[in-house]
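Have the model open as you read.

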Amino acid sequence: MQNSTAFSRQLAMDISHSSLLDEFKKAALQLRLHQLEAQPLNILFAGPQGVGKTSTIKALFGGALLGPSSSDAGRYEMGNLVVWDYPGHTGNPEQDAMLDMQLAATLTERDSNGNPLIDMVVVVLDAAERNLNSGYRLITEVLVPALGDKLDSRLVVGLNKVDAA
């Protein structure tokens with residue numbers, strides 16, 4: 001919580017001291033920042049097994065995240081930020097089909113205000129892997145249908161292990 005609060009304070013100070021913004025824009029940005037501070041942000045990391053999802057989460061957030069929480073393995077928290085580390089496919093067709101159904105259900109879940117529970121999905125793929133079929137299948141067969149018309153604002157694809165490619 002301290003890290004997110006410090007970040008918000010620094011951002012608010014940068015906005016107020018900006019010479020690029022007029023006073024109206026500064027006030028509008030400060031108001032929006034204040035509104036966003038109170039809202040949770042849920043980011044789900046998905047991808048095939050062994051591509052480095054957990055390593056990517058640790059590289060992005062370091063030790064600032066608390067978790068996994070007692071009830072949800074792979075769910076980490078820091079203030080209003082919740083990061084979901086979704087398990088990858090194991091190669092067992094039945095188990096993988098179940099993971100796909102659970103992922104699709106999670107992505108279509110809504111909060112008490114009717115907003116999607118998961119705000120953003122980050123698909124992590126292994127750039128060193130010559131065959132990206134499993135990642136492509138995950139995106140086209142599970143994520144695209146579940147995210148629907150909000151796909152462009154809720155999906156990010158990242159390549160991991162680019163130095164080994």
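Predicted model: local features only at pLDDT ≥ 70, side-chain atom pairs only at ≥ 80, totals over all residues.

Is Lys26 buried or exposed? Lys26 is buried, at a relative accessible area of 10% (buried is under 20%, exposed over 50%, partly exposed in between, with a 1.4 Å probe and protein chains only).

Residues are numbered from 1 along each chain as its sequence is written, and side-chain values use heavy atoms, without hydrogens or water.

There are four salt bridges in the structure (a Lys or Arg side-chain nitrogen within 4 Å of a carboxyl oxygen of Asp or Glu). Here are some of them:

| Pair | N to O distance |
|---|---|
| Glu23 and Lys26 | 3.4 Å |
| Arg75 and Glu77 | 3.0 Å |
| Arg137 and Glu141 | 3.4 Å |

Arg137 and Glu141 are four residues apart in helix α5, about one turn. Asp100 joins these two in a salt-bridge network.

On to the packing: α4 (residues 93-108) and α5 (residues 133-147) meet at about 30°, with axes 8 Å apart. That makes α4 roughly parallel to α5 (angles under 35 degrees count as such). Asp100 and Leu103 of α4 are among the contact residues, as are Arg137 and Leu138 of α5 (contact means heavy atoms within 4.5 Å).

Notes: Axes fitted to C-alpha atoms, helices over the stretch in contact; angles between N-to-C directions. Helix = DSSP H or I, 4+ residues; strand = E, 2+ residues; numbered from the N terminus. Parallel < 35°, antiparallel > 145°, perpendicular 65-115°, else oblique.
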